[in-house]
Amino acid sequence: EGNHPGTRRVLLKLSGEAFGGGKVGLDPDVVRGIARQIATVAREGVQIAVVVGGGNFFRGAQLQQRGMERSRADYMGMLGTVMNCLALQDFLEHEGVETRVQTAITMGQVAEPYIPRRAIRHMEKGRVVIFGAGAGMPYFSTDTVSAQRALEIKCDAVLMSKHGVDGVYTADPRTDPEARKLETLTYADALSRNLKVVDAAAFSLCMENDLPMLVFGMDGEDSIARAVRGEKIGTLVTA
Ligand code: UDP
């Protein structure tokens, strides 16, 4: 069941925001570029599972502020992630990579249900597994789900790509000119300094289970491929 020694297995979180190229909806050129990078590293033999966000369609918290009931809005957010999964699946298959989509909300026509042992088998056969619909539960985020899935399917690391920021900073770099990028960080520091680039729930799940996390920017030619290979980019967060 566990990972074979010498084979790297990673959980890659892709921000939904990036899929839209800064707009609502999908930018196929962006998704194609992401798929090409994933295909390259999958062919190098890295086992890859992907959790896809949905911020390019809906964020439950934002719809709630506009008057929607939170749970229903969160389900809309989860359904948005599934559209991103199907787009990523399509472009990965264009690149000749075998894929399976598994969703936390059952929808048999478009995806398998989430079955962790089957996901592991897919990866062992060289398939990229794409997880959609988050945890299937309102009030959760795709960051938290990424940590949970990485633990359950025994990944060596969780790779959190971010849109518009290339790592963890001492403060918000968009508003604080003094903000410095950190090369390494502990989960305890991330939590006590209230660094919000990744959800606190994701940080604490990884801390409790000693799972390393790389936070990196997905902008740039090959940053996703570099992160999957284990190159030194972004910020490495450890217990
Ligand atoms: N969501 C949820 N439960 C989950 C995962 C996601 O309710 O387990 C909803 C939530 O409303 C969230 C939206 O789906 O705002 C999109 O996910 P997220 O914001 O994590 O996407 P990203 O920021 O990565 O694009």
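Me: Which strands does helix 2 lie across?

Reply: Helix 2 (residues 28–43) lies across strand 1, strand 2 (47–52) and strand 5 (128–132). It runs at about 155 degrees to strand 2. Axes are lines fitted to C-alpha atoms, for helices over the stretch in contact, and angles run from 0 to 180 degrees between N-to-C directions. Contact means C-beta atoms, placed from the backbone, within 7 Å. Helices (H or I, at least four residues) and strands (E, at least two) are DSSP runs, numbered from the N terminus.

Me: What should I know about the model and its numbering?

Reply: This is a predicted model: local features need pLDDT of at least 70, side-chain atom pairs count only at pLDDT 80 or more, and totals for chains, interfaces and linings use all residues. Residues are numbered from 1 along each chain as its sequence is written.

Me: In what order do the strands form the sheet?

Reply: Strands of a sheet pair through backbone hydrogen bonds, either parallel or antiparallel. Pairing here needs at least two DSSP bridges between two strands. Nine strands form an open sheet, ordered 4-3-5-2-1-6-8-9-7, with mixed pairing. Strand 4 (112–113) and strand 7 (184–186) each have a single partner strand, so one side of each lacks a neighbour in the sheet.

Me: How many bridges join strand 7 to strand 9?

Reply: Three, and the two strands run parallel. Leu185 has Val237 in strand 9 as its bridge partner.

Me: Is Lys13 buried or exposed?

Reply: Count other C-beta atoms, placed from the backbone, within 10 Å of the residue's own: 20 or more is buried, 12 or fewer exposed, in between partly exposed. Lys13 is buried because 27 lie within 10 Å. Lys13 sits in strand 1 (residues 9–14).

How values were computed
Contact = placed C-beta atoms within 7 Å.
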